[in-house]
Amino acid sequence: MSVVPEQPAGARLRSSVRGVAERWSLVLAFVGAFLFFSVARPDSFLTWDNSRAILDESSVLCVLAAGVTVILVIGEFDLSVGFVAGLAGAAGVSVMAFHGWGAGAAVAVALSAGAVAGLASGVAVAHVRIPSFIATLALGSIAAAIELAITRTAIFEGLSPSYIEIATTRIGTIPLRAIIAATAVLLLLVLLRTTVFGRHAAAIGDNPAAARLAGVPVQRVQVIAFVIAGLSAGLAAVLVTSSASQYYPNLGTGYLLPAYAAAFLGLSLGGGLRFNILGSYIGVLLLAMVTTGLTMMNQPSWVAALVQGVVLLVAVAGVSIRRRGIVGR
Amino acid sequence: MAADAAWLEVRGLTKRYGGVLALDGAALGLRGGRIHGLVGANGAGKSTLVKCLTGMVRPTGGSIVVDGRALRPGRPVESLRSGIASVPQELTVAPMLTVADNVMLGHEPRVPPGVVRRGELRRRAASALAAVSLEAPLEAPVGRLPLIEQRLLMVARALARDARLVIFDEPTATLAPHEAKQLLELIRSLAARGVSVLYVSHHLREIEEVCDSVTVLRDGQVVADLERPTHAALVELLAPGAAPGHAAAHEERTRGVVVLDVRSLTGERLRDVSLTVAAGEVVGLAGLAGSGARELLLTVCGAAPFGSGSIALGGRRLPSGDPQRAVAAGVGFLPGDRALGTFPSHVVRHNVALPSLSRFSRLGFVEPAREKSAVAALLDRVALRTSSEAPIASLSGGNQQKALVARWIGSDARLLLLDDPTAGVDVATRPEIHSQIRALTAAGLAVLLVSTDAEELAELSDRVVVFERGAVVGELASQQLTSGRVLAAMTGGRPETAAPGGAAFPAGSGTGGTTDMSGSGS
């Protein structure tokens with residue numbers, strides 16, 4: 001292969017502009033959607049109150065999507081995160097409501113429940129070698145069963161006031177839930193970007209056989225990744241239940257699909273090759289913004305679902321085409 | 001079909017990937033009953049040309065003309081209908097399906113709505129298999145067949161489609177010498193039946209042996225079209241001025257301390273194998289596929305488990321089937337299949353630093369500055385002139401191999417396991433990799449080398465251990481190392497076992513019966 005010197009400057013510029021556009025398409029979509037709704041609904045959308053609400057409401061999904069991204073980076077799937085969030089929520093709230101435990105203990109219980117569920121998935125995948133897709137589907141069902149067994153499929157309240165404050169507190173003007181979510185996202189971002197664990201995780205996702213032969217502790221990394229996803233589900237459960245001031249059955253099930261949608265939207269930020277936390281975060285905010293914006297434009301709720309589906313399909317199609325260009329060489 | 005007129009012509013074929021011209025006006029003609037070679041260094045455009053022919057890639061310009069009619073570009077189905085079939089380097093069989101189903105895959109005889117006619121399918125599969133002299137049970141799952149038979153099956157698949165052109169891409173790359181011979185026989189018999197063959201390979205000896213004519217590509221352009229190509233002429237065209245001469249004489253040296261000590265190792269495919277490798281020593285392992293030579297490498301690096309016996313590295317025993325412990329103990333494995341070595345969507349730096357990250361990190365955090373300078377020094381050491389931030393996939397096969405050598409130098413490996421280190425590497429890079437291996441052993445590294453290329457074994461090894469059916473059956477000491485002897489031993493000719501010694505001996509001199517292109521002076 002030879003580099004072609006006579007390629008016209010215009011073509012080179014066009015191809016590099018195209019590369020940049022593809023790479024930053026998610027950010028462009030974000031800015032584009034923001035501008036569109038700001039122009040369409042300047043009085044309701046383009047307000048600080050609205051931005052704050054979007055940040056607050058998307059905090060649950062941010063945390064879950066970040067956890068899911070860690071799993072995608074190692075090349076696995078975790079379909080249990082929604083169910084695990086439900087189990088963790090049930091565990092945390094029930095120790096407060098039935099045993100009078102304090103808010104701190106409840107949070108610890110919810111996080112532990114998530115971590116234990118993640119550990120179970122990790123062991124099933126790394127040591128028993130069950131494909132993660134089916135292992136986490138089965139364990140998710142078990143988690144849902146335990147959740148409903150604990151709570152007897154009832155809504156209940158009786159949360160400690162300081163637990164509810166997690167959702168009502170603002171630091172300065174920013175909701176605490178948004179700060180917690182951003183912190184979790186930042187922690188996982190740093191973990192994947194700068195640590196040996198992160199490097200090992202990315203290598204396993206890229207080529208598991210080569211990672212094993214290069215001496216990467218594959219099983220340990222897999223187990224840790226699933227525990228992280230479980231912890232993120234536990235944290236998401238705390239954010240959901242504190243805001244709802246109650247426990248309700250199956251509270252986590254609606255989050256699975258958007259979490260994966262956001263992570264796949266974020267894939268484009270990594271050039272279409274690598275899942276990344278920052279991309280998932282922007283993906284969540286984009287989905288939340290589109291949903292809010294469409295509601296403000298008085299569109300029926302199915303329009304939001306339709307637009308989310310189309311946006312996801314277009315993003316993934318773009319990534320696939322780009323990947324074909326790279327691999328097709 | 002007329003044997004003297006080209007029925008398929010490639011005219012001015014051009015393919016551009018971004019700013020890179022992979023093919024630049026390439027042209028060639030193919031005639032029935034002739035074997036045409038296609039050679040060139042890695043990245044010269046051979047694969048791109050083949051992919052254009054099979055319709056897997058749509059060319060930017062030019063045309064492919066079959067019987068005077070231009071082929072619609074980028075349509076695999078149309079290429080197949082025009083009689084163009086290929087036997088790719090990587091096998092594309094469905095391992096769980098039966099032999100018959102694999103032969104007829106995508107071409108099943110059917111009754112209209114799409115019901116497969118089993119009897120007809122079996123009949124056609126059987127006749128295609130007979131044409132390649134493959135006696136495999138029609139209902140056996142293909143995954144159970146030996147590699148050579150899977151490859152013959154791919155040829156049968158092409159014949160079952162009435163192919164007029166069969167393209168072979170490095171068909172002998174992973175085959176033992178006698179299997180390669182079997183395949184070359186088959187290719188000749190295909191041509192004798194009037195089929196055109198396009199033979200793509202780095203093995204210039206094979207090209208000389210089998211091809212009626214050859215097209216030489218460089219930087220996407222045709223630089224020569226030769227009738228009856230000779231090895232010497234091809235070497236000169238491919239690596240002008242860099243024709244490989246004889247290897248330097250093996251230096252006489254006292255053997256260093258024993259690094260690897262394998263005792264009575266028995267596993268699924270190894271029977272009571274014992275051998276040692278000393279610091280600074282290259283021990284070659286010769287044997288056909290399945291003989292135990294490659295299996296020993298995989299067992300030492302932990303990729304395959306063992307039953308009884310022991311593996312000790314520097315006096316410490318390695319557990320069975322644990323690559324992590326093996327790497328930590330100082331084993332570095334360079335797989336012949338680079339798909340097992342590299343991380344394709346990562347940059348060179350990440351690929352090189354992976355096993356030694358703990359050296360560049362504190363409390364689990366990688367320190368980028370230390371990592372970058374260490375990787376830069378390693379790349380320098382293997383003479384790999386590329387940015388450490390370049391994606392590894394953008395490097396040629398030879399340069400990827402160098403990056404992997406750098407990886408194991410960086411991890412302070414004491415034992416390097418090389419599995420066909422120059423398979424698929426171009427003529428110019430090959431001697432470079434060889435000289436690096438020598439430099440590493442001079443610095444005290446122990447090396448176990450498996451190669452399907454007898455000349456490479458003779459050239460690099462201090463002694464060669466011969467494997468057959470999972471057991472060690474002989475050893476060639478350094479004064480016996482000629483590629484002819486190694487080849488004879490590999491293919492079942494019992495070598496006279498001699499006490500291993502370190503006598504000085506000019507390796508490679510007076511070689512005969514070589515299987516490959518390097519080493520023999522041109």
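Figure 1. Chain B comprises 16 helices and 24 strands, where helices (H or I, at least four residues) and strands (E, at least two) are DSSP runs numbered from the N terminus. This is a predicted model, in which local features need pLDDT of at least 70, side-chain atom pairs count only at pLDDT 80 or more, and totals for chains, interfaces and linings use all residues. Residues are numbered from 1 along each chain as its sequence is written, while chains are lettered from A and ligands numbered from 1 in the order in which they are written. Of the 522 residues of chain B, 51% count as buried; a residue is buried if 20 or more other C-beta atoms lie within 10 Å of its own, exposed if 12 or fewer, and partly exposed in between, with C-beta atoms placed from the backbone. Among contacts in chain B between residues at least 6 apart in sequence, 68% join residues at least 24 apart; two residues are in contact if their C-beta atoms, placed from the backbone, lie within 7 Å.

**Figure 2. Helix α5 (residues 147-160) of chain B and its surroundings.** The 14 residues of α5(B) reach 20 Å from first C-alpha to last, close to the 20 Å expected at 1.5 Å a residue, the expected span being 1.5 Å times one less than the number of residues. Twelve of the 14 residues are buried, so α5(B) is largely enclosed by the rest of the structure. Among the buried residues are B:Gln150, B:Arg151 and B:Arg157, together with B:Leu152, B:Leu153 and B:Met154. Their cover includes β6 (84-87), α3 (99-103), α4 (118-131), β9 (165-169) and α6 (177-192) of chain B. After α5(B) comes B:Asp162, with a positive phi near 55°.

**Figure 3. Helix α6(B), one of the elements covering α5(B).** With 16 residues, α6(B) reaches 23 Å from its first C-alpha to its last, close to the 22 Å expected at 1.5 Å a residue. Its buried residues are B:Pro177, B:Glu179, B:Leu183, B:Leu186, B:Ile187, B:Leu190 and B:Ala191. Just after α6(B), B:Gly194 has a positive phi of about 100°.

**Figure 4. Packing of α4(A) against α9(A).** The axes of α4 (residues 59-73) and α9 (residues 176-194) of chain A come within 8 Å and cross at roughly 15°; axes are lines fitted to C-alpha atoms, for helices over the stretch in contact, and angles run from 0 to 180 degrees between N-to-C directions. The crossing angle makes α4(A) roughly parallel to α9(A), a term for angles under 35 degrees. Residues making the contact include A:Cys62, A:Val63 and A:Ala66 of α4(A) and A:Ile180, A:Ala181 and A:Leu188 of α9(A).

**Figure 5. Surroundings of A:Ser268.** A:Ser268 lies in the loop between α13 (256-266) and α14 (277-296) of chain A. It counts as buried because 25 C-beta neighbours lie inside 10 Å. Not counting residues up to four places away in sequence, A:Ser268 touches A:Ser25, A:Leu26, A:Gly279, A:Ala315, A:Gly318 and A:Val319. A:Gln222 is 46 residues from A:Ser268 in sequence and 24 Å away in space, C-alpha to C-alpha.

**Figure 6. The contact between chains A and B.** Here 28 residues of chain A are in contact with 35 residues of chain B. On the chain A side, β1 (2-3), α1 (9-23), α10 (196-206) and α11 (208-213) each supply at least two residues. The largest share, six residues, comes from α10(A).

Methods: Parallel < 35°, antiparallel > 145°, perpendicular 65-115°, else oblique.
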